[in-house]
Every structure is written in structure tokens, then in C-alpha cells.
Amino acid sequence: MDRTTDIPDIPYDVQKLHKEALRNGVLNSTQASSLLGGQSVKEVIVNKCYTPLSASVSEEAGLEENEAWETSEAVISREFAAGCEGCKVQLCGGVGAGKTTAVQQLIWEWATGSLLQHYTLLLPVCERTLCTSEQSLESLLLSTHAHLSAEALASALQRPQSLLLVVDGLDHFQDLLSESPPSDTLVSDPQQPAGGAVLLHSLLEGSLLPGASVLLTCKEAVLLESLQCVYLLGFSKAQRRSYFQQFFNNEAEAEQVLRHCEQVVGVAELFKCPAFCWTLCCVCKEHVPETLTELCCAVTHTLLQENGVNVETSQQLLCGLGKLADHCYSQAHAHCSTAEIIACGLQPFLGSSVLSAFLRISRDDVSSPDAIFSFLSPVFQEFVLAVFFYLDQSALQSGQNEATILERGPHMYQMFLAGLSDPAQRKLLEASIGQLSSGRLSEFHQWLMSLVVEVLPGLEKEKHCCVFRLLHHARSPTLVRETVGACKWRAVSYAGLQVSDCAGLVFVARCLGEMEHLNLYRSELMDTQAQKLIPALHLAKSINLCQSHLSPGVITHLARAMMDGRTTWLDLSRSVLSVEALKILCLSLTHSNLHTLCLRTCSLTPACGEVLGKMLSDSKLCALDLGGNDLQNQGLAQLIGALGKSSCRLQDLSLDHCSLSGECIALLSSALSSSLSELKKLNLNWNQLAEDTLELLSQTLQTGRCSLSALQLFDCELTDSCCPSIAAILQSHNCCLTELDLSVNELDQAGALLICDALKSPRCPLEKLCMNSCGLTEQVFSALGSVLESGTSRLKELAIGIHPVRDAGAKHIWKALKHTHCRLQHLDLEMISLTDACVDELCEAVAASNSLTTLILKNNRLTDISVPRLVKLVQDHPIIKGLNLQYNDFSEDVFELMDTCPNIQY
């Protein structure tokens with residue numbers, strides 16, 4: 001049986017009185033929470049200036065807006081909806097995130113009858129009372145709500161499911177939450193005295209007032225099973241625009257200021273914070289700053305001027321605040337006591353209006369031991385710490401290394417150091433506190449230069465980005481040119497850049513005037529990031545966007561950057577492109593300087609052929625890689641027409657793995673036979689080409705109108721019946737082929753011998769031949785040996801691996817290597833079943849060669865016994881730059897010996 005059914009409801013007049021008291025509490029609130037005063041809760045709520053904030057129950061909601069973002073009102077209303085009585089929620093957000101205003105707005109809406117009316121009483125709990133001596137929950141609530149009688153409150157506490165308790169301001173008392181008391185100390189009686197932590201955890205665990213709902217605010221989430229965390233994310237873009245419009249009361253002016261503020265250096269990370277937006281808007285009424293440092297200098301100057309503080313006293317105040325900021329940072333405290341204020345040299349300012357302009361003070365009596373001081377803004381805390389560095393020499397006088405001082409501190413400390421090193425940004429500050437130390441400024445400059453030279457040749461992207469941000473804040477093009485321009489900047493992947501990282505990278509690129517390579521491999525760029533990167537993309541000579549997520553919006557920004565840009569090489573491999581995205585990109589390429597475009601495995605379809613063909617007709621493109629796309633013959637037919645046009649400059653075309661059949665050869669042959677075609681390299685690997693169609697290609701290559709010099713036909717299902725056509729090409733007077741790959745085709749002995757005969761022709765221009773896994777026999781190896789000895793062959797590279805010809809087949813090649821007519825520089829004999837028995841003859845042949853520089857003997861049957869001989873061969877013949885012995889039958893016993901020769905790979 002429900003025992004609460006016999007308990008009378010809270011009388012209407014008690015509830016009415018309580019709501020009136022809460023409304024008056026809001027109306028009488030005058031506390032300002034931001035630099036330059038800020039708006040009191042009363043001004044925000046009563047004047048209906050409150051802008052709802054964004055929130056999410058997901059910790060992974062992220063910094064960028066996404067579908068997990070909701071308004072804080074919607075989240076709170078859902079969590080505390082009717083039927084959800086007994087829920088416990090922590091509202092988490094940093095200093096200035098708007099927690100207190102959001103809670104006061106909630107209290108006001110309940111007290112005015114517009115929200116959460118299923119709760120009979122909403123009871124704010126004063127956070128300071130939780131830190132006093134032991135007391136009962138009932139007495140604690142009575143001390144906060146003196147308008148309630150003890151009888152009325154006791155009656156209400158007997159119906160806990162109708163109560164919503166609100167605990168705001170735990171930022172300074174986080175230990176009350178984080179330090180869980182033992183379970184046997186928890187209380188269940190509202191009249192039982194206990195410490196604040198015990199009372200709080202008793203409420204959260206449900207032993208005290210079971211069924212009551214609780215809302216509390218804190219900086220950091222506390223992991224308690226009973227607590228649902230709601231993350232306060234600050235302003236979304238739309239909410240920020242609404243806030244600016246309310247502040248300026250002029251939509252056009254607000255939009256203009258907002259647009260400019262979005263470009264202010266260092267502001268992007270803070271733009272979601274309501275307190276920061278207030279400070280920014282106040283400064284922008286007089287002058288829109290260019291950087292966050294300039295903004296903080298303007299705030300400091302204004303506060304000092306408003307309080308009539310002279311230069312000497314201002315410097316004393318800033319030094320004291322700097323010591324306080326350093327103390328809070330080193331002790332990991334967000335707040336401090338009166339004794340700590342005095343220890344930092346701020347005693348002369350206790351009780352003064354200028355100190356309360358910079359610090360939040362919990363009591364009117366600043367001399368009270370219970371008074372708590374904290375910086376109004378954590379950003380400003382880091383700023384005064386940086387100012388302190390440029391004012392104070394004591395650390396160096398005590399022998400502390402300046403590099404240690406520069407590298408310590410919170411994450412924005414170094415950014416402010418960089419900003420203050422720029423005379424233009426610190427101008428207003430120096431007007432109030434005098435000149436900063438020239439010695440300190442020089443020390444920072446030297447430290448930053450050494451940091452750039454140390455970091456950029458390295459592999460850590462995060463450190464690269466930190467350097468870019470520092471250089472951006474310092475705003476010194478000369479410094480960038482002297483450091484970045486002179487060091488070996490390693491092109492690591494800059495995937496996952498934040499907006500501030502993009503801005504820093506762009507600043508560096510603009511200072512240099514160009515970038516050699518911009519590596520964005522595996523990026524998931526948002527539109528805002530891509531738009532910010534446009535200048536860097538425009539200045540980069542080569543860009544790697546391989547395996548990246550590219551929306552049409554990102555492609556639009558990339559296309560804009562390509563137009564009349566410096567980029568000559570662009571890799572978009574394995575990045576899915578729609579036909580629409582491809583159209584946007586290709587349209588810009590007709591006005592670009594791009595020479596090489598890689599679109600390998602981009603999910604292109606036959607419908608893309610027309611777009612690509614039009615682009616080829618009007619662009620400067622010389623190399624196009626379309627491998628791994630399902631273009632089919634239909635797509636090729638639309639693309640290939642451009643090759644015969646005088647405006648097409650394409651010389652290198654890769655169409656491997658494009659689902660082409662033999663019909664494509666007729667299309668290609670027609671295009672290649674045009675005297676206007678400049679195509680020199682054609683890759684048709686991994687396509688199913690009909691053998692009889694090669695005759696058409698053979699005829700084209702013999703006409704004298706085709707300038708093709710490299711043809712790749714790897715794994716095209718060719719057989720020996722195509723060999724006469726190939727042989728005819730090689731013996732033609734008009735043949736220009738210097739490279740030919742026929743690997744992984746069943747040419748067999750008869751077909752291969754025809755090709756060998758053609759290779760002996762004085763007219764054959766071939767210099768590189770690949771015939772791996774083509775069914776070659778010992779007789780073919782013998783014929784190839786004869787080719788190499790003939791004196792007419794121009795072959796410099798030969799790959800004939802993956803044939804089980806054993807030592808007997810290889811001896812014909814060894815014999816040829818000794819011949820003075822042999823010009824081979826590269827020889828690949830992988831997996832032909834070589835044994836130790838051939839090593840002496842091998843070494844003798846290689847030693848006799850005047851041209852061979854690389855030899856591949858992978859996947860053979862060589863053992864440890866051969867290693868000393870092979871090592872000596874390489875050591876005695878410096879001409880050999882590479883000997884690949886991987887995957888032979890070696891034991892670990894010979895690894896050390898092979899390590900003595902860096903040109904051996906095993």
C-alpha cells in the first residue's frame with residue numbers, strides 16, 4: 001500500500017508563496033558572471049534575452065554540430081518529464097558555459113507556471129551550506145527557504161516523488177561529488193544530521209528522499225550509476241547568431257560583427273561559450289579585434305581605465321594576478337582563499353572594485369576565511385599567466401630554465417605568449433601597464449624558432465598543428481619564412497584538423513607563398529574546414545586526399561582552390577565521388593594548372609565518362625589514373641573521344657581494373673591512330689581483352705601516327721594467339737614502344753619464342769619487358785639469353801620470374817650477363833626455383849656485368865651456405881645498388897652477416 005496516500009498535498013498557498021519567493025530570488029539577482037560585467041540573471045530572464053543553449057546526453061556529441069545536439073530546454077524537459085520522477089541529472093559544462101543561467105531560467109519557468117508543473121515544489125539547495133558543519137537536509141532547506149514553515153517543509157518531504165531539488169554551483173566543490181562516502185554512512189532520515197558529501201550522495205543513491213528528482217551542475221562529469229549526464233555544449237551557430245542579434249539589436253550590424261568575429265584568430269574554440277560571447281560583443285562595440293590576444297588586451301585595458309588604475313599600480317595588479325594564475329595552475333585548483341590572494345601580492349587590492357572586475361568573489365566580506373576567489377574566465381586566467389611571463393624576471397633570477405617556463409602551463413598559455421610577442425596585438429595592454437620585457441620577448445622568439453626547426457621534420461601531426469597555431473598567433477611572416485622556409489618540413493598527413501589548425505596552416509602557407517605538398521590522407525573534412533583550407537589548397541603544388549570522405553560541399557571548395565591555383569598533382573584515390581561531385585571538380589580543372597589526377601577506385605560509373613572526356617578536352621591534364629572504377633566500355637567510349645582532339649594533352653592513361661572487354665581495343669585504336677593524340681603510356685592491366693582485338697592495336701601502333709611508348713597488359717587473359725600481333729608491333733619500323741608488360745598471361749613457349757625473335761630485330765626499341773608468370777620454359781630462357789647477347793637488343797630491364805625453370809634455365813641468363821653486348825641494368829628472377837648450386841655461376845656473371853645494378857632473387861631456394869658469397873659479391877662491386885633475397889630459406893644465423901651490407905634486402 002502506498003503510504004503517501006494518507007499524506008495531505010502541499011497547500012496551494014504554500015506553493016504560491018514558494019513560487020513567489022523563487023521569482024523574487026531571480027528578480028533580486030545582481031551577480032555578474034563575465035568580464036566587463038556581464039548580464040545579471042535578472043536582466044537575461046526578465047527582459048526575455050535568454051538564448052537557449054545546445055546540450056546532449058552523449059559524451060561523443062563532439063565539438064562540431066551534429067544530430068546529437070539538442071536545446072538544453074528540450075533535454076531537461078525530457079529527462080524530468082511527467083512519469084520520470086526520481087531521475088537524477090548532472091548538467092556538465094565549463095566555466096562560463098551558461099549552467100547557472102540555464103538553471104535560473106528553469107527555476108523561473110517553474111515559478112511562473114510554464115514548465116515542470118507536475119513537481120509540487122522545486123527546491124534550490126545552496127551549495128555553500130553543503131560545506132558547513134553537519135546538519136540535516138531539513139534544516140539545510142529551511143535555512144535556504146526561510147519563507148517555508150517547518151511543518152510545511154516536513155509535509156512536503158514526505159512526498160519526495162513530487163520534489164525537484166536543484167544544486168547549482170558545485171564547480172568549486174567538485175570533491176563533494178567525486179569523493180563517494182562509504183555506503184554504511186548514507187542517511188535516510190531528512191532530520192538526521194550529516195556532512196554535505198553524505199547528504200548529497202544519500203540523495204543521489206536514493207536512500208534519502210527516495211523518488212525525489214535531483215538536478216545538479218558541475219564542471220566535469222562524475223561517474224555514478226544513478227546519475228544521468230547532460231553535456232552543455234554552448235551555442236550552436238544559429239543560437240550564436242540569435243545571441244548577437246539580441247545584443248546589438250540590429251540584424252545587419254550583428255551579422256557583420258559575427259562574420260568578422262568568426263575570422264578572429266583563436267576565437268573558434270571559444271565561440272560556443274555564452275560568457276565569452278558577451279565579452280566579445282562588448283569589445284566589438286568599440287573595435288573588432290583581429291586575435292584573441294588583442295581581445296584580452298582590450299578587456300584588460302578597459303577594466304584598468306574604468307577603475308582609474310595608473311601604470312605602476314596596473315603592473316603590480318597584473319603581476320599579482322599572474323602569480324595567482326600560476327599558483328592555481330600548479331596546484332590544479334580553480335579557486336583560492338584570502339590567504340592565497342595575500343600570498344600572491346594582491347592584499348592592496350582586497351575589497352577594491354578593480355579586483356572584483358577580474359575575479360569572482362563568493363562573499364561580500366573578502367577578509368572572511370570562507371571567502372572564495374576564482375577567475376571570471378579560465379581563458380583570461382591563462383592570458384594573465386602569459387602577461388606575467390613578460391613582466392616577471394624572478395624565475396630566471398632563481399636559475400629556472402626559460403624553456404621549462406615556456407613549455408609549462410595550460411594549453412592556451414603558449415598561444416597568448418605568441419600573441420603578446422606581436423607589438424600590434426599588445427599595443428593597448430602596454431598603454432595600461434607599460435612596456436613588456438624586451439629580454440623575455442627575445443627569449444620567446446628564440447624558443448619558438450627552435451621549436452619549429454625541431455617539430456616540423458618530425459612525424460607527430462599534433463605537434464605540427466601546435467606549431468602552426470603558435471605561428472598564426474604570433475602573426476610574423478618574417479618568422480615563418482626564417483623557420484619553416486628553412487627547415488625540412490615533413491609532409492605528414494593532416495587528417496582530422498580542427499578549424500584553428502586549418503587557419504594556422506593557411507597562415508603559414510600564405511607567408512611562404514607556396515607549399516610543396518599538402519597531405520590530407522584519410523581526411524573527413526567538414527565544409528567549414530575545407531572552406532578554411534582553400535588558400536592552402538590553392539598554394540599547394542601537390543595534394544593528397546586519398547581515402548578521404550569528400551562531400552559535394554567539400555568538393556566545391558576544392559574545385560574553387562584548383563582554379564588558377566598552383567596545384568599540378570592531385571590524388572583522390574579511394575574517395576567516393578558522385579557524378580555531381582565529379583562534374584564540379586572537372587569544371588574547375590579546365591581553369592587549373594593540374595597535370596596529374598588520380599581517381600583510382602573512386603566508385604566512378606559509365607555515366608562519368610562524358611564528364612571526364614569534356615574535362616580532358618579543355619584542361620592541361622597530362623596524366624589520368626582511373627584504375628579500379630567500373631567504367632566499362634560504355635564509359636570508355638565517352639571518355640576516349642577527347643584523345644583525338646588537338647586541345648587534349650593527355651600522355652599517361654591508366655584504365656586497369658575498369659571492367660573493359662576486347663571491344664575497348666577498337667575504341668582505343670581509333671583514338672591512338674589520330675595524329676593529334678599525345679598519349680604515350682597506356683595501362684590496361686586486369687581487363688578481359690579478347691585476343692583477336694589486339695590485331696587492331698597492332699595495326700595502329702605500326703602506322704607511324706601513334707606515339708605510345710609504354711603498354712601494360714598484365715593479366716588480360718591473353719594467350720599465345722596474340723603473340724604474332726605483339727611480335728609484329730616490335731618489329732615495325734614505326735614502333736615507339738620502350739616498355740611492355742605481358743605478365744600473368746598464358747603465352748606459353750611458342751608465343752614467347754615469337755616475341756624473342758622480334759626482340760632481336762634492330763628495329764625493336766623495347767627497353768623494359770615484363771613477362772612474369774607467362775608459362776616460359778627453359779627453351780624460352782635460352783632464347784632470351786640469345787636476345788641479350790645479340791648486340792641489337794636495347795633491353796635494360798627484364799622481369800621473367802615465377803617460372804619453374806630451375807638452375808638449368810637460369811644458366812642461359814648468367815651466360816648472357818657476361819657478354820659485352822648485354823645492357824641489362826635490372827633483372828627480376830623471382831621464384832624460378834634457384835638453388836645454392838647456381839650461386840658461383842651467378843656471382844661470376846654478375847661480377848662480369850658492366851651494367852647490372854639491381855637483381856631480384858626473391859622466393860627461391862637459396863640457403864645459409866650461399867650468403868657469404870652473395871655478401872662478398874655486393875661488397876666487392878659497388879655498382880650493385882640492390883640485391884633482393886627475401887623469402888629464401890635462410891635462418892636467423894645469417895641475418896647479422898647480411899646486415900653488414902645495406903644494399904641487401906632479406
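This is a predicted model: local features need pLDDT of at least 70, side-chain atom pairs count only at pLDDT 80 or more; totals for chains, interfaces and linings use all residues.
## Overall form

The protein chain contains 38 helices and 24 strands. Its radius of gyration is 38 Å, whereas a compact globule of 906 residues would come near 29 Å. Taken along the principal axes, the box filled by the C-alpha atoms is roughly 115 × 75 × 60 Å.

## Confidence

For the protein chain the mean pLDDT is 90, and 94% of the residues reach 70 or more. Residues 1–5 have pLDDT below 50, and this stretch makes 5 contacts in the model beyond near neighbours in sequence. Over residues 395–400 pLDDT also stays under 50. For residues 395–400 the model has 8 contacts beyond four places in sequence.

## Helices α13 and α16

Helix α13 spans residues 311–331 and helix α16 spans residues 378–391. Their axes come within 8 Å and cross at roughly 115 degrees. The crossing of α13 past α16 is left-handed.

On the α13 side the contact is made by Q315, L318, C319, L321, G322, K323, A325, D326, C328 and Y329. On the α16 side the residues are Q381, V384, L385, V387, F388 and L391. By class, the contact of α13 with α16 comprises 11 nonpolar, 3 polar and 2 charged residues.

## Helices α25 and α26

Helix α25 (residues 527–539) packs against helix α26 (residues 552–562) at an angle of about 15 degrees, and the axes lie 8 Å apart. Because of that angle, α25 is roughly parallel to α26. The crossing of α25 past α26 is right-handed.

From α25, the residues in contact are D527, A530, Q531, I534, L537 and H538. They meet G553, V554, H557, L558, R560, A561 and M562 of α26. The residues of this contact of α25 with α26 fall into 7 nonpolar, 4 polar and 2 charged.

## Helices α33 and α34

Helix α33 covers residues 748–759, and helix α34 covers residues 778–789. The two axes cross at roughly 5 degrees and come within 9 Å. An angle under 35 degrees counts as roughly parallel, and α33 and α34 are therefore roughly parallel to each other.

In α33, the contact residues are Q749, A752, L753, C756 and L759. Their partners in α34 are Q779, V780, A783, L784 and V787. The contact of α33 with α34 has 8 nonpolar and 2 polar residues, with no charged ones.

Notes: Residues are numbered from 1 along each chain as its sequence is written. Side-chain values use heavy atoms; hydrogens and water are left out. Axes are lines fitted to C-alpha atoms, for helices over the stretch in contact, and angles run from 0 to 180 degrees between N-to-C directions. Helices (H or I, at least four residues) and strands (E, at least two) are DSSP runs, numbered from the N terminus. Angles under 35 degrees count as roughly parallel, over 145 as roughly antiparallel, 65 to 115 as roughly perpendicular and the rest as oblique. A crossing is left-handed if the near helix is turned anticlockwise from the far one by less than a right angle, and right-handed if clockwise. Contact means heavy atoms within 4.5 Å. Ala, Val, Leu, Ile, Met, Phe, Trp, Tyr, Cys and Pro count as nonpolar, Asp, Glu, Lys and Arg as charged, and the others, Gly among them, as polar. pLDDT is the predictor's confidence in each residue, from 0 to 100. The radius of gyration is taken over C-alpha atoms; the globule rule is 2.2 Å times the number of residues to the power 0.38.
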